[in-house]
Amino acid sequence: MRFSKIKAKIPNWFNGKIKLLISFITLGFVLSSCNKEAIDKVVFFPRGEQPFIKNSDVLWASPKGFGLTMDIYVPNSGRENYPVIVMFHGGGWLINNKSIMNDASEYLASKGEYIVCNVNYRLLGDLNNSVKMNEIVEDAFGAVLWVKDNIAKYKGDPTKIAVTGDSSGGHMAMMVLTQGHNLEADGFAGNSLGFNPTYLPKGKTAEQVAIEKGLEVQAAMLGYGVFDVYGSALIDLESGKNSFWTIAATYPRGIFGVGINVKDHPNHYKQVSPIYTIPQSTERKLPPMFFSVGSDDFITKPESIETFIIKLHESGQRNTNYFIHTGRTHAFLDSGSNLTLKTDFKVDAPPVLDKMITFLNNKFY
């Protein structure tokens, strides 16, 4: 669970200038062969960090007419293809959008050789406060399937996919691992509780995708994730005591809609709680996982992460890495700074993002 320190190779002034010139020349060829309207931003890093191209607001699905987009960050270091990170933002399934992960996406694209797909998904308050928790999970599943279908157009390798997210986004990333095999065309509407991804490959049903193991990924990075939705619902997830409802300016309600509550329908809540759906390793082995949490996190406490990791180990899923970020609280991976949570991306995020890059390099390079 310890990470060895990577010693950065700092080029001398002359080599740095030569590499920067080469980057400009290379980028010229790239731009001449791309659709310029799709390119939003090119950023240059002169000292050992490659430039990347950001493709903004790529539409990937429109469930019930609600457009869902992602930003795709593509490194420009000269490789023919790159492993891919699919990222889900946090916010209690009620607030924020992909912009809260802009800084983390740029960091991973510029310092690591990874394409980053920063995903927007539906929130509970969207569509007149009618979105259900299982539909949010279906958005996460759909985003991964869309990436696998389309990322080659952006020089991504669809056979090398990692999912990541923080807080509620960490929950969604973990759901890809624990429930990505449980796909049904009727979703939660039938007798069993399966998921119908928001996006499906052309001509494929949810059941066919499940048989083909279409949602298998090769790694996962979980930042202070929520792994027990059932337990949270028993306390205050659906009540006015949960401040996220107030911040989102919408009224508290059941996360599965009218007529479904945690007391009478516990299985609904457990089905979206990774801690209750961990497979035995003899049945299905999960990919390598990296967990991180702040030592002072009062929302998803270190104890909750450790409890989940213990459950994984008890099920034979032992390919885990765990890092406690000393002195940090919740949301240290978010962009910018947060005076309430006392976080600052430039100070708090890099130590963890560097460990994430090391973790991925050990898997993909």
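**The nonpolar core and its aromatic contacts**

In this predicted model, the largest nonpolar core contains 106 residues, and F88 and F291 are those with the most contacts inside it. A nonpolar core is here a set of buried Ala, Val, Leu, Ile, Met, Phe, Trp, Tyr and Cys residues joined through side-chain atoms within 4.5 Å; buried stands for under 20% relative accessible area, exposed for over 50%, and partly exposed for the range in between (1.4 Å probe, protein chains only). Helix α4 (residues 133-150) supplies the largest share of this core, 10 residues. Helices (H or I, at least four residues) and strands (E, at least two) are DSSP runs, numbered from the N terminus. Because the model is predicted, local features need pLDDT of at least 70 and side-chain atom pairs count only at pLDDT 80 or more, whereas totals for chains, interfaces and linings use all residues. Residues are numbered from 1 along each chain as its sequence is written, and side-chain values use heavy atoms, with hydrogens and water left out.

The protein chain has 12 helices and 11 strands, and 55% of its 365 residues count as buried. Its accessible surface comes to about 16,800 Å², with 53% of that belonging to carbon and sulfur atoms; the areas come from the Shrake-Rupley method with a 1.4 Å probe, and for residues only the protein chains shown count as cover. Taking a contact as heavy atoms within 4.5 Å, 71% of the contacts between residues at least 6 apart in sequence join residues at least 24 apart.

Leaving aside residues up to four places away in sequence, F88 touches V119, Y121, A140, A143, V144, T164, G165, D166, G169, M172 and A173. Helix α5 (residues 168-179) is mostly covered, with 12 of its 12 residues buried; among them are G169, M172 and A173. The expected span is 1.5 Å times one less than the number of residues in the helix.

The same check works for helix α12 (residues 350-364): its 15 residues should span 21 Å, and the 20 Å between its end C-alpha atoms agrees. The buried residues of α12 are P350, V352, L353, M356, I357, T358, F359, L360 and F364.

Aromatic rings come next. A pair of aromatic rings is described by the distance of the centres and the angle of the planes. Rings of Phe, Tyr and Trp (its six-membered ring) pair if their centres lie within 6.5 Å; planes under 30 degrees apart count as stacked, over 60 as edge-to-face and the rest as tilted. A search of the whole structure finds 13 aromatic pairs. The rings of F256 and Y269 have centres 4.9 Å apart and planes at 85°, so this pair is edge-to-face. The pair links distant parts of the chain, 13 residues apart: F256 is in the loop between α8 (243-247) and α9 (266-271), while Y269 is in helix α9. F256 counts as buried at 4% relative accessibility, and Y269 does so at 0%. F291 lies in strand β8 (residues 289-294) and F308 in helix α10 (residues 302-314), so the pair ties together parts that are 17 residues apart in sequence. Both F291 and F308 are buried. F256 and Y269 also belong to one aromatic cluster, together with F141, F188 and F195.

Charges over rings are found at K270. A charge sits over a ring if NZ of Lys or CZ of Arg is within 6 Å of the ring centre and within 35 degrees of the ring normal. The charged end of K270 sits over the ring of Y230, 4.9 Å from its centre, and K270 also lies over the face of Y276, at 5.3 Å from the ring centre.

Two backbone details complete the picture. A331, although not a glycine, has a positive phi of about 65°; A331 is found in the loop between β9 (320-325) and β10 (337-338) and counts as buried at 7% relative accessibility. K342 likewise has a positive phi, near 60°, and lies in the loop between β10 and β11 (343-344), but K342 counts as exposed at 74% relative accessibility.
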